[in-house]
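Subject: The structure I promised you

Hello,

Have a look at it first, and then read on for what I found.

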Amino acid sequence: MPSSQTPPAGATAVDPTAVRPDIADARIIRVGPADLRATLAGLKADGFTMLLDAGGADYPGRDPRFDVVYHLLNLKPGAATVAAVGRPERVRVLCGVPEAEPVVPSVADLWPAANWAEREIFDLFGIRFDGHPDLRRIQMPADWEGHPLRKDYPLRGPARERSPRPNFALKSNVGAGTPASGRTAAALQKQIAAARGQAVPKDDAS
Amino acid sequence: MAVAELPGGQFLLAKLDDVARWAQSSSVWPLTMGLACCAIEMMTATAPEYDLARFGSEVFRASPRQADLMIVSGRVAQKMAPVVKRLYDQMADPKWVISMGACASSGGVFDNYAIVQGVDQVVPVDVYVPGCPPTPDGLLYAVNLIQQQIRQGGRGGILARA
Amino acid sequence: MVLSMGPQHPSTHGVLQAVTEIEGETVMKAEPEIGYLHTGIEKSAENLFWTQASTVIERMDYLSPLSNACCYVMGVEQLLGITDEIPLRARQSRVLLCELHRIASHCVWLGTGGIDLGAISGFFYAFDLREKILDLTELSGGARMHPNYLRIGGLRDDLPQGFIDRLDALIEMYPRRMREMRNLLQANPILQDRMVDVGILSADDALAWGITGPALRGSGVAYDVRRAFPYSGYENYEFDVITRSEGDAYARFLVRLDEMDESMRIVRQVRKELDTPGPVMIDDTKYAAPPKETIALSMEALIHHFKIVSEGFRVPPGDVYQAIEGPRGELGYYIVSNGDNRPWRVRTRPPSMYNLQVLKQIAVGELIADMVVMIGSLDPVFGEVDR
């Protein structure tokens with residue numbers, strides 16, 4: 001059963017957006033916070049009248065740590081039939097936001113739809129939006145501390161974080177991160193290290 | 001309810017407590033406390049196929065002052081918990097609480113930061129209904145259990161006078 | 001005067017706190033406050049296997065649960081690159097169930113919309129129709145709501161015996177039931193008085209606020225994801241995209257009613273195709289658990305089943321945005337995989353959240369009594385707004 005304490009099953013990518021397969025779901029543009037407004041304003045002037053969504057993502061192994069992802073669609077207000085709508089174009093703008101300075105310009109004046117979306121990213125990731133008319137928490141209570149969707153925020157919240165696995169469950173957890181203790185566990189550690197060809201850990205009498 | 005018929009006359013004899021409890025159990029009016037998916041099944045319980053009204057719950061009252069049963073139907077988020085508590089406090093005695101569904105009873109599928117793990121951390125609960133969501137039959141049975149509890153004397157055997 | 005409508009209110013369609021400033025009976029400012037149902041579904045999904053995540057994701061739009069699941073599994077199938085290998089019968093069943101759930105969701109909208117205005121009889125008719133659809137969901141998936149019937153790669157099981165007969169019975173009773181509901185509500189002068197010219201939304205505003213679905217089509221823009229970006233075989237079915245140009249609550253009301261009829265039109269077309277049997281799960285053993293009958297006979301099948309259930313499968317790294325036309329509008333999932341057996345991020349594009357936000361604009365100048373009408377005409381589901 002997976003849990004927030006289960007380590008990944010194998011080799012994983014630090015930046016999935018850089019190694020994505022060839023799926024034609026949108027035209028993808030990557031920018032930094034400095035050129036974000038210019039890019040989005042340019043797209044809006046080009047006919048991308050609709051901001052479908054703005055969301056955040058956290059990649060702690062990567063710098064910049066966060067991504068703010070904007071999904072745009074170029075619908076025309078006068079498109080009153082299916083033929084007139086045709087197949088609109090989707091654009092995905094990914095803006096990398098560094099952890100040290102998590103500030104991004106707000107686009108709530110370009111598309112009013114962005115108002116709540118940016119508040120939610122602020123609430124759940126802690127990224128501030130410069131120029132937002134009313135930047136405050138939206139999903140969590142106003143006095144909540146922490147930003148829940150960050151990867152270092154525990155799943156069950158800081159108050160209920162389960163304690164690490166007790167010693168008797170160590171056999172299934174050997175090598176996964178919780179240090180082994182006790183003679184049987186230590187012997188098992190040595191056997192596994194030897195089998196993997198790694199350095200055999202020293203005997204710590206415990 | 002112990003009822004005795006007096007000889008030779010058209011009179012019934014019973015204790016006042018029993019009559020009061022019979023009246024209260026026959027007209028339990030729920031508060032509209034629909035939170036999430038269970039609320040839809042709660043609404044379905046008032047719909048023709050299941051029909052909660054035939055058990056006396058003729059109307060759902062929006063005002064806590066006019067309701068005596070709070071059916072907490074759905075997951076209780078951190079922001080909503082104080083609201084639930086406040087509404088419970090505003091309800092007049094005697095009042096009962098059904099915790100409908102897995103989320104209201106124990107946090108359900110959502111063992112995380114955002115959901116209160118069981119509404120009984122916020123208000124005292126009389127009947128828990130398992131299910132995700134429970135079928136409307138389950139809710140009807142829970143209301144029946146509340147009615148039984150009322151007729152047997154309420155919580156702790158003490159039933160506040162109307 | 002500042003009035004707080006909600007978060008406990010019989011007519012806000014869920015836990016919405018609409019903080020309204022009124023002057024007499026006119027609304028000067030409306031600020032909806034959400035978050036009273038924030039469930040952390042996206043964070044929960046990051047800690048469950050790919051197959052398990054659809055259980056929590058189904059609970060977002062709880063009026064049409066299979067739509068959420070359909071969009072999510074299609075997104076993961078794109079990341080896996082198996083979209084073209086999904087069997088035909090699985091695609092047809094997904095279309096069938098999505099359309100049935102659209103009708104079911106609109107039944108709730110219609111019933112509760114009527115109750116908000118005092119028209120209680122419509123509620124009983126609408127929920128009885130919904131019962132028939134929930135019967136079908138229970139028969140095929142095992143539960144009335146949240147059946148978790150869709151799997152990455154197809155369906156969990158084929159449609160059971162008796163499903164087609166019940167579907168035929170539903171198709172047969174549907175026109176009469178719709179006629180009854182339309183007679184009760186559509187031409188009702190009280191309903192028209194309360195809905196016509198209330199909450200007017202222009203096409204330009206709708207696009208700027210990110211509105212999709214019947215609310216956008218009620219303002220004249222014919223954007224329907226089933227037509228613009230067809231998925232799961234929708235290009236093979238004939239149906240109209242209903243639009244109106246007035247942009248008021250009555251226009252959105254009519255759009256949804258007619259949409260129910262169009263959904264039933266698709267259901268009738270799919271039903272004919274379901275007479276042809278076929279597999280419902282892809283052959284690829286990496287993602288599909290072996291059929292239950294083989295587990296007792298074959299050691300490999302047993303081990304394979306064990307590994308799929310206890311370890312899941314890994315999805316190659318990448319990100320994808322998959323959208324469907326949900327009952328409320330464009331429901332999208334931005335799914336990111338980092339190569340692990342659990343999703344890295346499942347960002348939902350919640351149509352109800354964007355649809356509800358426009359209340360800030362369309363409520364200004366209307367009467368306080370119209371707030372309920374406007375919220376109903378936008379049809380929000382708070383499981384989706386707050387997630």
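Before we start, one term: a nonpolar core is a set of buried Ala, Val, Leu, Ile, Met, Phe, Trp, Tyr and Cys residues joined through C-beta atoms within 7 Å. Please also keep in mind that this is a predicted model.

**The core**

With that term in hand, which residues have the most contacts inside the largest nonpolar core? They are V68(A), L72(A), M70(B), V72(B), V76(B), M100(B) and M374(C), and the core itself has 210 residues. Its largest share comes from helix α4 of chain C, which gives twelve residues. As general background, nonpolar side chains in soluble globular proteins tend to be buried together.

You can pick out M374(C) and look at its surroundings. Setting aside its neighbours within four places in sequence, M374(C) is in contact with V198(C), G199(C), A249(C), L359(C), I362(C), A363(C) and E366(C).

**Helix α4 of chain C**

This helix covers residues 88–116 of chain C. Is α4(C) mostly covered or mostly uncovered? It is mostly covered, with 26 of its 29 residues buried. Just after α4(C) comes G118(C), which takes a positive phi of about 95°.

**Chain B**

Chain B contains five helices and six strands. Their order along the sequence is β-β-α-β-α-β-α-β-α-β-α. Along the principal axes, the C-alpha atoms of this chain fill a box of roughly 65 × 35 × 25 Å. Of its 162 residues, 48% are buried. If you take the contacts in chain B between residues at least 6 apart in sequence, 76% of them join residues at least 24 apart.

Now look for the sheet. In chain B, four strands make an open sheet with parallel pairing, in the order β3-β4-β5-β6. The edge strands are β3 (30–31) and β6 (127–129) of chain B, and each of them pairs on one side only. β3(B) runs parallel to strand β4 (residues 69–73) of chain B, and two bridges join them. What is the bridge partner of L31(B) in β4(B)? It is M70(B), a residue you have already met among those with the most contacts inside the largest core. Helix α5 (residues 136–151) of chain B lies across β4, β5 (96–100) and β6 of chain B, and runs at about 170° to β6(B).

One more spot in this chain deserves a click. Where is G56(B) found? It sits in the loop between α2 and β4 of chain B. A residue needs 20 or more C-beta neighbours within 10 Å to be buried and 12 or fewer to be exposed; G56(B) has 15 inside that distance, so it counts as partly exposed. G56(B) and S27(B) are 29 residues apart in sequence, yet their C-alpha atoms are 4.4 Å apart in space. Leaving out neighbours within four places in sequence, G56(B) is in contact with S26(B), S27(B) and V28(B).

**Chain A**

Chain A has four helices and six strands, arranged along the sequence as β-α-β-β-α-β-β-α-β-α. Buried residues account for 33% of its 206 residues. Among its contacts between residues at least 6 apart in sequence, 53% join residues at least 24 apart.

**Where the chains touch**

The contact between chains A and C takes 48 residues from chain A and 53 residues from chain C. On the chain A side, β2 (50–58), β3 (66–73), α2 (82–85) and α3 (114–125) each supply at least two residues. β2(A) gives the most, with six. By class, this side of chain A has 32 nonpolar, eleven polar and five charged residues.

The contact between chains B and C takes 26 residues from chain B and 27 residues from chain C. On the chain B side, α2 (37–45) and α3 (81–90) each supply at least two residues. α2(B) gives the most, with three. By class, this side of chain B has 19 nonpolar, four polar and three charged residues.

Happy exploring!

Technical notes. Residues numbered from 1 in each chain as written. Chains lettered and ligands numbered in written order. Predicted model: local features only at pLDDT ≥ 70, side-chain atom pairs only at ≥ 80, totals over all residues. Contact = placed C-beta atoms within 7 Å. Nonpolar A, V, L, I, M, F, W, Y, C, P; charged D, E, K, R; others polar. Expected span 1.5 Å × (residues − 1). Pairing = 2+ DSSP bridges. Axes fitted to C-alpha atoms, helices over the stretch in contact; angles between N-to-C directions.
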